[in-house]
Amino acid sequence: MSISMKYAGLLGVNSYLSSLNLSSPAGFVYHWSYCATAATIVAGAIAERTQIAAYCVYSIIGSTVVYPVITHWVWSPTGWASAINPNRVITGVLDDAGGICVHVCAGTCSLVACYFVGPRQHRLSRDGQIAKVIPKQNQSFIVFGMFVLWFSWYAFNAGPAMLAGGTDEGLIGRIAAYTTMCAASSGTTYLLLSVTLKKKIPEPCDLANGILAGLVCSTSACSITEPALGIVVGSVG
């Protein structure tokens with residue numbers, strides 16, 4: 001459904017599992033990991049407020065219906081918004097590493113899920129104010145998880161260039177440098193805003209959240225953006 005032939009540029013209609021070409025196992029696993037990422041992002045948004053059965057139902061529907069359609073639009077040679085489609089109806093959408101296909105898609109699903117699930121019990125008062133502050137569980141684990149994600153993001157961003165047959169060490173290095181600049185500048189900006197606007201002592205979790213925001217911002221145009229611009233992208237993001 002994601003990369004097969006089109007139906008009006010909206011949906012793939014062939015190349016399903018029975019005709020799946022596994023001559024490139026790396027490509028299959030890479031796109032599988034993108035799909036899994038899109039599914040797991042929602043888990044963080046509704047953590048502790050949804051039964052596991054309901055989340056499993058979402059994961060199945062999201063991975064087989066929602067995500068493949070979005071990726072077909074953007075990444076398929078016949079997708080209506082694809083930059084590599086000569087018959088595209090717009091100028092074309094560039095999404096190197098899933099800024100739209102993964103993070104916008106999963107973020108939208110997360111927003112809808114949070115709306116229906118609602119806040120944790122007793123967290124908000126009747127007038128919508130925060131009535132109960134939930135303490136961080138383990139900041140050491142949170143920071144460790146952030147570093148694991150940061151390290152993995154280099155493959156996340158540079159992977160498409162390598163799967164396309166790219167052997168240009170300069171391109172891969174530029175993508176890695178751009179990713180680093182986005183993450184570092186976003187984390188620093190988040191810390192400064194916490195001090196100046198919130199008037200609070202920064203916590204490690206604040207830095208971790210800022211870094212992850214910068215990494216997400218780095219995904220869409222990482223192959224064509226100079227590393228120095230990562231400071232701007234990360235700070236704004």
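This is a predicted model: local features need pLDDT of at least 70, side-chain atom pairs count only at pLDDT 80 or more; totals for chains, interfaces and linings use all residues.
**Exercise 1. In what order do the elements of the protein run from the N terminus on?**

Residues are numbered from 1 along each chain as its sequence is written, and side-chain values use heavy atoms, with hydrogens and water left out.

*Step 1.* Helices are DSSP runs of H or I with at least four residues, strands are E runs of at least two, and both are numbered from the N terminus.
*Step 2.* Reading along, you get α-α-α-α-α-α-α.

**Exercise 2. Work out how α2 and α3 cross.**

*Step 1.* Find α2 at residues 52-75 and α3 at residues 99-117.
*Step 2.* Their axes (lines fitted to C-alpha atoms over the stretch in contact, with angles from 0 to 180 degrees between N-to-C directions) come within 10 Å and cross at roughly 135 degrees.
*Step 3.* So α2 is oblique to α3: under 35 degrees is roughly parallel, over 145 roughly antiparallel, 65 to 115 roughly perpendicular, and the rest oblique.
*Step 4.* Contact (heavy atoms within 4.5 Å) involves, among others, Tyr58 and Trp75 of α2 and Cys101 and Cys109 of α3.

**Exercise 3. Decide how far to trust the model.**

*Step 1.* The average pLDDT is 79, and 84% of the residues score at least 70.
*Step 2.* Over residues 15-21, though, the pLDDT is below 50.

Conventions:
pLDDT is the predictor's confidence in each residue, from 0 to 100.
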